[in-house]
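Student: I have a model open and want to learn how to read it. Can you take me through the features one at a time?

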Amino acid sequence: MRLLNNIKQITLVALLGIGMESCLDLDPVIYDKIIPENFYKTESDAKAAVTGIYSPLGSPGDIYGGWTETFWMINNLCADDMGTQRDDYEFMEKFQWNSTTYAAYKFYNMFVKEANRATLVIDDLQKSPIDDDVKKQYIAELQCIRGQYLFFLYDFYGTANVTTDVEILRHPENEIILERLPKDEFIKLIETDLKTAAEILPVSYDASEYGRLTKGAAYTILEKLYMQEKRWADAETYCRKIQGLGYELQRTYSSVFSIENERNNEIIWALPCQSETNGNGNTWTTHVLPPELPSFWTNSKVQRWNVYNMPWKYYDHHFQQPGDERAMAPSLITEFEYISNGETKLASRNNGYPNLVKGALPVKYPEDPTQISEKAGNDVVVYRYADVLLELAEAINEQKGPTQEAIGLVEQIRARAGIPNTIPTTATASKENFRDFILDERGRELYCEGHRRRDLIRHGKWIQSAVDQGYIPEGREADYKHMVLFPIPQEVIDESKGKIKQNEGY
(Lines give C-alpha, C1' and ligand atoms only; values in the text may rest on other atoms or scores of the structure.)
Protein backbone atom coordinates (compact mmCIF):
# COMPACT_ATOMS: atom_id res chain seq x y z
CA MET A 1 0.00 0.00 0.00
CA ARG A 2 1.24 3.48 -0.78
CA LEU A 3 2.95 5.18 2.13
CA LEU A 4 0.92 8.38 2.06
CA ASN A 5 -2.37 6.50 1.99
CA ASN A 6 -1.86 4.07 4.86
CA ILE A 7 -4.77 5.28 6.90
CA LYS A 8 -4.23 2.87 9.76
CA GLN A 9 -0.67 4.01 10.20
CA ILE A 10 -1.63 7.67 10.06
CA THR A 11 -4.31 7.08 12.68
CA LEU A 12 -1.77 5.36 14.91
CA VAL A 13 0.61 8.26 14.63
CA ALA A 14 -2.20 10.69 15.35
CA LEU A 15 -2.62 8.95 18.69
CA LEU A 16 1.13 8.99 19.22
CA GLY A 17 1.27 12.67 18.40
CA ILE A 18 -0.76 13.64 21.46
CA GLY A 19 1.82 14.95 23.84
CA MET A 20 4.45 15.40 21.09
CA GLU A 21 3.45 18.84 19.90
CA SER A 22 5.26 22.15 20.07
CA CYS A 23 5.58 24.21 23.21
CA LEU A 24 2.84 26.51 21.93
CA ASP A 25 0.28 23.68 21.58
CA LEU A 26 -2.25 23.74 24.41
CA ASP A 27 -3.82 20.33 23.70
CA PRO A 28 -3.97 18.13 26.85
CA VAL A 29 -1.36 15.41 27.32
CA ILE A 30 -3.01 11.99 27.58
CA TYR A 31 -0.85 9.50 29.44
CA ASP A 32 -2.85 6.30 28.96
CA LYS A 33 -2.33 6.17 25.18
CA ILE A 34 0.58 5.07 23.00
CA ILE A 35 3.70 7.05 23.94
CA PRO A 36 7.34 7.02 22.77
CA GLU A 37 8.45 4.87 25.72
CA ASN A 38 6.38 1.89 24.54
CA PHE A 39 6.49 2.48 20.81
CA TYR A 40 9.01 2.38 17.89
CA LYS A 41 10.06 -1.16 18.85
CA THR A 42 9.75 -2.49 15.30
CA GLU A 43 10.36 -1.30 11.77
CA SER A 44 6.58 -1.15 11.30
CA ASP A 45 6.32 1.25 14.26
CA ALA A 46 9.01 3.46 12.76
CA LYS A 47 7.33 3.52 9.38
CA ALA A 48 4.04 4.52 10.99
CA ALA A 49 5.75 7.42 12.75
CA VAL A 50 7.33 8.69 9.55
CA THR A 51 4.03 8.35 7.69
CA GLY A 52 2.35 10.60 10.23
CA ILE A 53 4.77 13.43 9.49
CA TYR A 54 3.86 13.18 5.80
CA SER A 55 0.12 13.31 6.40
CA PRO A 56 -0.48 17.10 6.08
CA LEU A 57 1.20 17.02 2.66
CA GLY A 58 -1.27 14.54 1.22
CA SER A 59 -3.85 15.79 -1.27
CA PRO A 60 -6.54 17.00 -0.69
CA GLY A 61 -5.09 18.11 2.62
CA ASP A 62 -4.03 21.47 3.91
CA ILE A 63 -0.89 21.79 1.79
CA TYR A 64 -1.20 20.32 -1.71
CA GLY A 65 -4.95 20.05 -2.14
CA GLY A 66 -7.06 21.97 -4.64
CA TRP A 67 -9.26 23.62 -2.00
CA THR A 68 -9.10 27.38 -1.90
CA GLU A 69 -7.18 27.84 1.38
CA THR A 70 -4.42 25.27 0.97
CA PHE A 71 -0.77 26.24 0.85
CA TRP A 72 -0.65 25.32 -2.84
CA MET A 73 -3.68 27.42 -3.76
CA ILE A 74 -2.70 30.45 -1.70
CA ASN A 75 0.68 30.33 -3.49
CA ASN A 76 -1.15 30.29 -6.82
CA LEU A 77 -3.96 32.72 -6.11
CA CYS A 78 -1.78 35.64 -5.08
CA ALA A 79 0.43 35.26 -8.16
CA ASP A 80 -0.52 36.53 -11.60
CA ASP A 81 -0.92 33.12 -13.26
CA MET A 82 -4.15 32.19 -11.48
CA GLY A 83 -7.37 33.96 -10.60
CA THR A 84 -10.62 32.93 -9.00
CA GLN A 85 -14.22 32.99 -10.16
CA ARG A 86 -15.34 33.32 -6.53
CA ASP A 87 -15.69 36.81 -5.14
CA ASP A 88 -15.16 35.55 -1.58
CA TYR A 89 -11.56 34.56 -2.37
CA GLU A 90 -10.51 37.56 -4.39
CA PHE A 91 -8.87 39.04 -1.28
CA MET A 92 -5.80 36.86 -1.93
CA GLU A 93 -5.76 37.46 -5.67
CA LYS A 94 -6.12 41.22 -5.22
CA PHE A 95 -3.49 41.75 -2.49
CA GLN A 96 -6.14 42.60 0.08
CA TRP A 97 -4.89 40.42 2.92
CA ASN A 98 -3.68 41.84 6.23
CA SER A 99 -2.60 40.64 9.67
CA THR A 100 -6.10 39.37 10.48
CA THR A 101 -6.56 37.34 7.29
CA TYR A 102 -6.68 33.72 8.38
CA ALA A 103 -5.74 32.33 4.95
CA ALA A 104 -2.54 34.41 5.05
CA TYR A 105 -1.31 33.50 8.53
CA LYS A 106 -2.81 30.03 9.07
CA PHE A 107 0.20 28.02 7.89
CA TYR A 108 2.68 29.48 10.37
CA ASN A 109 1.54 27.39 13.32
CA MET A 110 1.01 24.33 11.14
CA PHE A 111 4.55 24.34 9.76
CA VAL A 112 6.13 25.09 13.15
CA LYS A 113 4.17 22.24 14.71
CA GLU A 114 5.05 19.78 11.95
CA ALA A 115 8.75 20.71 12.06
CA ASN A 116 8.73 20.19 15.83
CA ARG A 117 6.92 16.86 15.47
CA ALA A 118 9.60 15.70 13.04
CA THR A 119 12.27 16.67 15.56
CA LEU A 120 10.62 14.60 18.27
CA VAL A 121 10.16 11.57 16.06
CA ILE A 122 13.82 11.78 15.00
CA ASP A 123 14.79 11.72 18.66
CA ASP A 124 12.54 8.75 19.35
CA LEU A 125 13.90 6.81 16.38
CA GLN A 126 17.47 7.41 17.49
CA LYS A 127 16.62 5.49 20.69
CA SER A 128 14.79 2.73 18.84
CA PRO A 129 16.24 -0.83 18.72
CA ILE A 130 15.43 -1.28 15.00
CA ASP A 131 18.13 -2.03 12.40
CA ASP A 132 20.64 0.83 12.13
CA ASP A 133 20.45 1.12 8.34
CA VAL A 134 16.65 1.28 8.42
CA LYS A 135 16.82 3.79 11.23
CA LYS A 136 19.25 6.02 9.33
CA GLN A 137 17.03 6.07 6.26
CA TYR A 138 13.89 6.95 8.22
CA ILE A 139 15.72 9.70 10.09
CA ALA A 140 17.04 11.07 6.78
CA GLU A 141 13.49 11.05 5.45
CA LEU A 142 12.31 12.99 8.49
CA GLN A 143 15.12 15.50 8.08
CA CYS A 144 14.06 16.04 4.47
CA ILE A 145 10.43 16.53 5.51
CA ARG A 146 11.48 18.91 8.27
CA GLY A 147 13.71 20.79 5.83
CA GLN A 148 10.75 21.15 3.50
CA TYR A 149 8.47 22.45 6.27
CA LEU A 150 11.16 24.93 7.29
CA PHE A 151 11.54 26.06 3.68
CA PHE A 152 7.78 26.59 3.51
CA LEU A 153 8.03 28.75 6.63
CA TYR A 154 10.91 30.72 5.21
CA ASP A 155 9.10 31.22 1.91
CA PHE A 156 5.87 32.50 3.46
CA TYR A 157 6.92 34.13 6.73
CA GLY A 158 10.68 34.53 6.90
CA THR A 159 12.14 32.95 10.01
CA ALA A 160 10.16 31.22 12.78
CA ASN A 161 10.30 30.15 16.42
CA VAL A 162 11.41 26.57 15.87
CA THR A 163 13.95 24.55 17.81
CA THR A 164 15.72 21.22 17.48
CA ASP A 165 16.16 21.02 21.28
CA VAL A 166 13.99 18.04 22.21
CA GLU A 167 14.12 18.83 25.92
CA ILE A 168 12.33 22.12 25.28
CA LEU A 169 9.74 20.41 23.09
CA ARG A 170 9.09 17.61 25.56
CA HIS A 171 8.59 19.92 28.52
CA PRO A 172 6.13 22.66 27.52
CA GLU A 173 5.31 23.14 31.20
CA ASN A 174 8.61 25.03 31.52
CA GLU A 175 7.06 27.79 29.39
CA ILE A 176 10.25 28.62 27.53
CA ILE A 177 9.50 31.29 24.96
CA LEU A 178 11.09 30.48 21.63
CA GLU A 179 12.04 33.54 19.62
CA ARG A 180 12.28 33.57 15.84
CA LEU A 181 15.70 32.41 14.76
CA PRO A 182 18.04 34.87 13.04
CA LYS A 183 17.97 34.53 9.26
CA ASP A 184 21.42 32.98 8.94
CA GLU A 185 20.66 30.35 11.60
CA PHE A 186 17.33 29.51 10.03
CA ILE A 187 18.84 29.04 6.58
CA LYS A 188 21.63 26.93 8.05
CA LEU A 189 19.05 24.71 9.73
CA ILE A 190 17.34 24.08 6.39
CA GLU A 191 20.66 23.46 4.63
CA THR A 192 21.88 21.01 7.26
CA ASP A 193 18.67 18.99 7.19
CA LEU A 194 18.56 18.70 3.40
CA LYS A 195 22.26 18.03 2.87
CA THR A 196 22.33 15.38 5.58
CA ALA A 197 19.18 13.76 4.24
CA ALA A 198 20.43 13.74 0.65
CA GLU A 199 23.54 11.79 1.63
CA ILE A 200 21.40 8.86 2.78
CA LEU A 201 18.12 8.98 0.87
CA PRO A 202 17.80 6.70 -2.17
CA VAL A 203 17.28 7.96 -5.71
CA SER A 204 14.03 5.98 -5.88
CA TYR A 205 11.91 3.45 -4.00
CA ASP A 206 10.01 0.32 -4.91
CA ALA A 207 6.61 0.97 -6.47
CA SER A 208 4.84 0.18 -3.19
CA GLU A 209 6.69 3.05 -1.50
CA TYR A 210 6.14 5.68 -4.19
CA GLY A 211 5.58 9.13 -2.74
CA ARG A 212 8.36 9.09 -0.17
CA LEU A 213 10.94 11.84 -0.38
CA THR A 214 14.10 10.93 -2.29
CA LYS A 215 17.61 12.23 -2.83
CA GLY A 216 16.32 14.21 -5.82
CA ALA A 217 13.61 15.83 -3.71
CA ALA A 218 16.14 16.89 -1.06
CA TYR A 219 18.41 18.39 -3.72
CA THR A 220 15.45 20.19 -5.34
CA ILE A 221 14.29 21.87 -2.14
CA LEU A 222 17.88 22.87 -1.41
CA GLU A 223 18.51 24.40 -4.82
CA LYS A 224 15.24 26.30 -4.55
CA LEU A 225 16.44 27.77 -1.26
CA TYR A 226 19.68 28.82 -2.96
CA MET A 227 17.79 30.31 -5.90
CA GLN A 228 15.75 32.51 -3.57
CA GLU A 229 18.90 33.57 -1.73
CA LYS A 230 20.56 34.28 -5.11
CA ARG A 231 23.42 31.98 -4.23
CA TRP A 232 23.77 31.15 -7.88
CA ALA A 233 26.85 28.94 -7.70
CA ASP A 234 25.29 26.80 -4.97
CA ALA A 235 22.03 26.58 -6.92
CA GLU A 236 23.95 25.50 -10.02
CA THR A 237 25.82 22.83 -8.05
CA TYR A 238 22.65 21.17 -6.80
CA CYS A 239 20.80 21.48 -10.09
CA ARG A 240 23.71 19.59 -11.65
CA LYS A 241 23.49 16.94 -8.95
CA ILE A 242 19.85 16.47 -9.95
CA GLN A 243 20.91 16.19 -13.59
CA GLY A 244 23.06 13.23 -12.62
CA LEU A 245 20.20 11.26 -11.06
CA GLY A 246 18.63 10.07 -14.31
CA TYR A 247 15.58 12.30 -14.71
CA GLU A 248 14.43 13.20 -18.22
CA LEU A 249 11.75 15.25 -19.95
CA GLN A 250 8.69 13.40 -21.16
CA ARG A 251 7.87 13.36 -24.86
CA THR A 252 4.79 15.57 -24.50
CA TYR A 253 3.80 18.22 -21.98
CA SER A 254 0.38 16.83 -21.06
CA SER A 255 1.78 13.34 -20.49
CA VAL A 256 3.71 14.62 -17.47
CA PHE A 257 0.40 14.97 -15.63
CA SER A 258 -1.65 12.16 -17.17
CA ILE A 259 -2.88 9.22 -15.17
CA GLU A 260 -1.73 6.83 -17.91
CA ASN A 261 1.85 8.07 -17.50
CA GLU A 262 1.98 8.37 -13.72
CA ARG A 263 5.35 8.02 -11.99
CA ASN A 264 7.15 9.07 -15.14
CA ASN A 265 10.81 9.97 -15.11
CA GLU A 266 10.30 13.74 -15.25
CA ILE A 267 8.69 13.74 -11.82
CA ILE A 268 11.09 14.31 -8.94
CA TRP A 269 8.40 14.14 -6.30
CA ALA A 270 4.63 13.68 -6.49
CA LEU A 271 1.82 12.95 -4.06
CA PRO A 272 0.04 9.66 -4.84
CA CYS A 273 -3.69 10.05 -5.42
CA GLN A 274 -6.69 7.78 -5.97
CA SER A 275 -10.07 8.61 -7.43
CA GLU A 276 -12.01 6.70 -4.77
CA THR A 277 -14.49 8.81 -2.83
CA ASN A 278 -12.59 8.29 0.43
CA GLY A 279 -9.12 8.32 -1.06
CA ASN A 280 -6.48 11.04 -1.22
CA GLY A 281 -7.64 12.37 -4.55
CA ASN A 282 -6.45 15.21 -6.75
CA THR A 283 -9.14 17.92 -6.66
CA TRP A 284 -7.48 20.32 -9.09
CA THR A 285 -9.49 19.40 -12.18
CA THR A 286 -12.80 19.65 -10.34
CA HIS A 287 -11.89 23.16 -9.22
CA VAL A 288 -11.11 24.28 -12.79
CA LEU A 289 -13.60 22.62 -15.15
CA PRO A 290 -16.74 24.64 -16.04
CA PRO A 291 -20.32 23.34 -15.58
CA GLU A 292 -20.60 22.59 -19.30
CA LEU A 293 -18.32 19.66 -20.00
CA PRO A 294 -16.03 20.17 -23.04
CA SER A 295 -16.90 17.77 -25.87
CA PHE A 296 -13.45 16.14 -25.73
CA TRP A 297 -13.92 15.22 -22.04
CA THR A 298 -15.64 11.85 -22.02
CA ASN A 299 -16.07 11.27 -18.27
CA SER A 300 -19.35 12.93 -17.35
CA LYS A 301 -19.07 11.79 -13.71
CA VAL A 302 -16.37 14.30 -12.87
CA GLN A 303 -17.60 17.14 -10.67
CA ARG A 304 -17.12 20.65 -12.05
CA TRP A 305 -16.90 23.70 -9.80
CA ASN A 306 -15.05 26.24 -11.99
CA VAL A 307 -13.29 28.03 -9.14
CA TYR A 308 -9.96 28.92 -10.81
CA ASN A 309 -8.86 30.50 -14.06
CA MET A 310 -5.79 31.92 -15.77
CA PRO A 311 -6.36 35.67 -16.21
CA TRP A 312 -6.48 36.69 -19.87
CA LYS A 313 -3.79 39.29 -19.33
CA TYR A 314 -1.39 36.55 -18.26
CA TYR A 315 -2.44 34.28 -21.11
CA ASP A 316 -2.07 37.00 -23.72
CA HIS A 317 1.43 37.91 -22.54
CA HIS A 318 2.81 34.38 -22.30
CA PHE A 319 1.19 32.43 -25.10
CA GLN A 320 1.76 34.25 -28.38
CA GLN A 321 3.87 31.56 -30.05
CA PRO A 322 1.76 29.42 -32.44
CA GLY A 323 2.02 25.68 -31.82
CA ASP A 324 2.88 25.84 -28.11
CA GLU A 325 1.38 22.62 -26.72
CA ARG A 326 1.23 24.11 -23.22
CA ALA A 327 -1.44 26.56 -24.42
CA MET A 328 -3.65 23.87 -25.96
CA ALA A 329 -6.39 21.62 -24.64
CA PRO A 330 -6.46 19.58 -22.55
CA SER A 331 -3.71 21.49 -20.67
CA LEU A 332 -5.11 24.99 -21.16
CA ILE A 333 -8.61 25.65 -22.50
CA THR A 334 -9.41 28.96 -24.18
CA GLU A 335 -12.57 27.82 -25.97
CA PHE A 336 -14.48 24.58 -26.37
CA GLU A 337 -17.58 22.98 -27.80
CA TYR A 338 -20.25 21.49 -25.57
CA ILE A 339 -23.71 19.96 -25.98
CA SER A 340 -26.74 21.77 -24.57
CA ASN A 341 -30.27 20.49 -25.19
CA GLY A 342 -28.96 18.37 -28.03
CA GLU A 343 -27.32 21.35 -29.70
CA THR A 344 -23.57 21.87 -30.13
CA LYS A 345 -22.48 25.24 -28.80
CA LEU A 346 -19.17 27.09 -28.61
CA ALA A 347 -17.83 28.51 -25.36
CA SER A 348 -15.42 31.36 -26.00
CA ARG A 349 -14.01 34.47 -24.37
CA ASN A 350 -15.39 36.39 -27.34
CA ASN A 351 -19.02 35.25 -27.22
CA GLY A 352 -19.81 36.07 -23.60
CA TYR A 353 -19.61 32.55 -22.19
CA PRO A 354 -19.63 33.40 -18.44
CA ASN A 355 -17.04 30.87 -17.30
CA LEU A 356 -14.43 32.24 -19.71
CA VAL A 357 -14.98 35.94 -19.02
CA LYS A 358 -12.21 36.24 -16.45
CA GLY A 359 -9.71 33.89 -18.00
CA ALA A 360 -8.71 30.62 -19.62
CA LEU A 361 -9.10 27.28 -17.85
CA PRO A 362 -5.74 25.86 -16.64
CA VAL A 363 -6.88 22.23 -16.50
CA LYS A 364 -3.26 20.97 -16.48
CA TYR A 365 -4.15 17.39 -15.47
CA PRO A 366 -5.68 15.28 -18.28
CA GLU A 367 -8.86 13.30 -17.74
CA ASP A 368 -9.06 10.44 -15.27
CA PRO A 369 -11.66 8.07 -16.80
CA THR A 370 -12.26 6.43 -13.39
CA GLN A 371 -13.13 9.65 -11.54
CA ILE A 372 -16.59 9.50 -9.95
CA SER A 373 -16.54 12.49 -7.61
CA GLU A 374 -14.47 15.59 -7.00
CA LYS A 375 -11.31 13.48 -6.63
CA ALA A 376 -9.18 12.41 -9.59
CA GLY A 377 -6.49 9.76 -9.45
CA ASN A 378 -3.78 11.85 -11.17
CA ASP A 379 -0.85 12.17 -8.78
CA VAL A 380 -0.18 15.77 -7.71
CA VAL A 381 3.14 16.77 -9.28
CA VAL A 382 5.15 18.88 -6.82
CA TYR A 383 8.71 18.95 -8.21
CA ARG A 384 9.74 18.02 -11.76
CA TYR A 385 12.81 18.07 -13.94
CA ALA A 386 11.68 20.80 -16.36
CA ASP A 387 11.55 23.22 -13.43
CA VAL A 388 15.11 22.31 -12.43
CA LEU A 389 16.45 22.75 -15.97
CA LEU A 390 15.02 26.26 -16.14
CA GLU A 391 16.46 27.10 -12.72
CA LEU A 392 19.84 25.80 -13.84
CA ALA A 393 19.64 28.03 -16.93
CA GLU A 394 18.84 30.99 -14.71
CA ALA A 395 21.68 30.24 -12.28
CA ILE A 396 24.18 29.96 -15.16
CA ASN A 397 22.91 33.18 -16.75
CA GLU A 398 23.25 35.10 -13.48
CA GLN A 399 26.91 34.08 -13.26
CA LYS A 400 28.05 34.03 -16.90
CA GLY A 401 25.29 35.53 -19.01
CA PRO A 402 23.41 33.68 -21.76
CA THR A 403 25.90 30.91 -22.51
CA GLN A 404 25.16 28.27 -25.13
CA GLU A 405 24.52 25.76 -22.35
CA ALA A 406 21.98 28.03 -20.65
CA ILE A 407 20.22 28.74 -23.94
CA GLY A 408 20.25 25.02 -24.74
CA LEU A 409 18.55 24.17 -21.45
CA VAL A 410 15.68 26.52 -22.24
CA GLU A 411 15.57 25.19 -25.79
CA GLN A 412 15.00 21.68 -24.42
CA ILE A 413 11.86 22.89 -22.70
CA ARG A 414 10.57 24.75 -25.74
CA ALA A 415 11.33 21.89 -28.13
CA ARG A 416 9.27 19.54 -25.96
CA ALA A 417 6.42 22.08 -26.09
CA GLY A 418 6.48 21.96 -29.90
CA ILE A 419 8.18 25.30 -30.57
CA PRO A 420 11.87 24.46 -31.23
CA ASN A 421 14.36 27.05 -32.49
CA THR A 422 12.07 29.98 -31.74
CA ILE A 423 13.96 31.85 -29.02
CA PRO A 424 14.30 35.43 -30.36
CA THR A 425 17.84 36.72 -30.80
CA THR A 426 16.90 39.75 -28.72
CA ALA A 427 16.21 37.42 -25.78
CA THR A 428 19.83 36.26 -25.70
CA ALA A 429 21.44 39.63 -26.40
CA SER A 430 22.26 40.27 -22.74
CA LYS A 431 22.05 38.78 -19.27
CA GLU A 432 19.15 41.09 -18.46
CA ASN A 433 17.19 40.13 -21.58
CA PHE A 434 17.72 36.43 -21.01
CA ARG A 435 16.77 36.76 -17.35
CA ASP A 436 13.40 38.20 -18.39
CA PHE A 437 12.97 35.54 -21.05
CA ILE A 438 13.62 32.72 -18.58
CA LEU A 439 11.06 34.21 -16.20
CA ASP A 440 8.51 34.27 -19.03
CA GLU A 441 9.43 30.71 -20.03
CA ARG A 442 8.91 29.55 -16.47
CA GLY A 443 5.52 31.26 -16.67
CA ARG A 444 4.66 29.22 -19.75
CA GLU A 445 5.99 25.91 -18.49
CA LEU A 446 5.05 25.98 -14.81
CA TYR A 447 1.79 27.94 -14.64
CA CYS A 448 -0.42 27.08 -11.67
CA GLU A 449 2.12 24.69 -10.13
CA GLY A 450 2.87 26.95 -7.17
CA HIS A 451 6.22 28.40 -8.33
CA ARG A 452 5.18 31.76 -9.77
CA ARG A 453 5.05 33.74 -6.53
CA ARG A 454 8.63 32.79 -5.62
CA ASP A 455 9.80 33.50 -9.17
CA LEU A 456 8.37 37.01 -9.17
CA ILE A 457 9.81 37.77 -5.74
CA ARG A 458 13.26 36.52 -6.80
CA HIS A 459 13.15 38.70 -9.91
CA GLY A 460 12.03 41.76 -7.96
CA LYS A 461 8.71 41.91 -9.85
CA TRP A 462 6.28 40.71 -7.19
CA ILE A 463 4.78 44.05 -6.21
CA GLN A 464 4.98 45.34 -9.78
CA SER A 465 2.90 42.36 -10.93
CA ALA A 466 0.13 43.48 -8.58
CA VAL A 467 0.40 47.01 -10.00
CA ASP A 468 0.19 45.63 -13.53
CA GLN A 469 -2.96 43.71 -12.60
CA GLY A 470 -4.53 46.83 -11.13
CA TYR A 471 -4.53 45.58 -7.53
CA ILE A 472 -2.00 48.11 -6.18
CA PRO A 473 -2.20 51.79 -7.17
CA GLU A 474 0.72 52.89 -9.31
CA GLY A 475 3.05 55.09 -7.31
CA ARG A 476 2.21 53.38 -4.01
CA GLU A 477 4.48 50.36 -4.42
CA ALA A 478 6.43 51.24 -1.25
CA ASP A 479 3.26 50.91 0.83
CA TYR A 480 2.93 47.27 -0.21
CA LYS A 481 6.55 46.09 -0.25
CA HIS A 482 6.02 44.14 2.99
CA MET A 483 3.65 41.80 1.15
CA VAL A 484 6.53 39.68 -0.10
CA LEU A 485 5.90 37.91 3.21
CA PHE A 486 2.67 37.01 4.95
CA PRO A 487 1.79 38.00 8.54
CA ILE A 488 2.40 35.64 11.43
CA PRO A 489 -0.53 34.90 13.79
CA GLN A 490 -1.26 37.47 16.46
CA GLU A 491 -1.66 34.67 19.02
CA VAL A 492 2.01 33.76 18.50
CA ILE A 493 3.03 37.35 19.24
CA ASP A 494 0.74 37.50 22.28
CA GLU A 495 1.97 34.20 23.73
CA SER A 496 5.57 35.32 23.34
CA LYS A 497 4.86 38.39 25.46
CA GLY A 498 6.33 40.62 22.81
CA LYS A 499 9.52 38.68 22.14
CA ILE A 500 8.25 37.62 18.74
CA LYS A 501 7.72 40.54 16.38
CA GLN A 502 5.22 40.75 13.56
CA ASN A 503 6.61 40.90 10.04
CA GLU A 504 7.29 44.49 9.07
CA GLY A 505 4.34 46.35 7.58
CA TYR A 506 1.55 44.34 9.22
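The dialogue below goes through charges, helices, the core, cysteines and backbone angles.

Tutor: First, the ground rules. This is a predicted model, in which local features need pLDDT of at least 70, side-chain atom pairs count only at pLDDT 80 or more, and totals for chains, interfaces and linings use all residues. Residues are numbered from 1 along each chain as its sequence is written, and side-chain values use heavy atoms, with hydrogens and water left out.

Student: How many salt bridges does the structure hold?

Tutor: Side chains of opposite charge can pair when their charged atoms come close. The cut-off here is a side-chain nitrogen of Lys or Arg within 4 Å of a carboxyl oxygen of Asp or Glu. The structure holds 44 such salt bridges.

Student: Which residue pairs with aspartate 80 in a salt bridge?

Tutor: Arginine 452, with the closest N and O atoms 2.8 Å apart. Aspartate 80 sits in the loop between α3 (71-77) and β1 (83-84), and arginine 452 in helix α16 (residues 452-458), so the bridge ties together parts that are 372 residues apart in sequence. Helices (H or I, at least four residues) and strands (E, at least two) are DSSP runs, numbered from the N terminus.

Student: Is arginine 452 buried or exposed?

Tutor: Buried means under 20% relative accessible area, exposed means over 50%, and partly exposed is in between (1.4 Å probe, protein chains only). Arginine 452 is buried at 6%. Aspartate 80, at 13%, also counts as buried.

Student: Which residue meets glutamate 449 in a salt bridge?

Tutor: Lysine 364, at 2.9 Å from N to O. Glutamate 449 lies in the loop between α15 (431-445) and α16, and lysine 364 in the loop between β6 (359-360) and β7 (380-384), so this pair ties together parts that are 85 residues apart in sequence. Glutamate 449 and lysine 364 are both buried.

Student: And what does arginine 384 form with glutamate 445?

Tutor: A salt bridge, with the closest N and O atoms 2.9 Å apart. Arginine 384 is in strand β7 and glutamate 445 in helix α15, 61 residues apart. Arginine 384 has a relative accessible area of 1% and is buried. Glutamate 445 is buried too, at 0%. Now step back: a network of salt bridges links residues including Lys364, Arg384, Glu445 and Glu449. Glu266, Asp324 and Arg326 are also among them.

Student: Next, helices. What span is expected for α9?

Tutor: The expected span of a helix is 1.5 Å times one less than its number of residues. Helix α9 (residues 215-228) has 14 residues and reaches 20 Å from its first C-alpha to its last, close to the 20 Å expected. Of its 14 residues, 14 are buried, so α9 is largely enclosed by the rest of the structure. Lysine 230 follows α9, with a positive phi near 60 degrees.

Student: How many residues are in the largest nonpolar core?

Tutor: A nonpolar core is a set of buried Ala, Val, Leu, Ile, Met, Phe, Trp, Tyr and Cys residues joined through side-chain atoms within 4.5 Å. The largest one has 149 residues, and Tyr64, Leu153 and Trp269 have the most contacts inside it. Helix α6 (residues 132-157) supplies the largest share of this core, 14 residues. α6 is mostly covered, with 21 of its 26 residues buried. The helix reaches 36 Å from first C-alpha to last, close to the 38 Å expected.

Student: How many disulfides are there?

Tutor: A disulfide is a covalent bond between the sulfur atoms of two cysteines. The test is a pair of cysteine sulfur atoms within 2.5 Å. A search of the whole structure finds zero. For cysteine 78, the nearest cysteine sulfur, that of cysteine 448, is 12 Å away. Cysteine 78 is buried at 0% relative accessibility. The sulfur of cysteine 273 is 17 Å from the closest cysteine sulfur, in cysteine 448, too far for a bond.

Student: Last, the backbone. Where is the cis peptide bond?

Tutor: Most residues other than glycine have a negative phi, and most peptide bonds are trans. Here a cis peptide bond joins alanine 329 and proline 330, with omega about 10 degrees. Proline 330 is in the loop between α12 (312-318) and β4 (335-340).

Student: What is the phi of asparagine 341?

Tutor: Positive, about 55 degrees, although asparagine 341 is not a glycine. Asparagine 341 is in the loop between β4 and β5 (343-348), and is exposed, at 81%. Lysine 364 also has a positive phi, near 65 degrees, but lysine 364 is buried at 2%.
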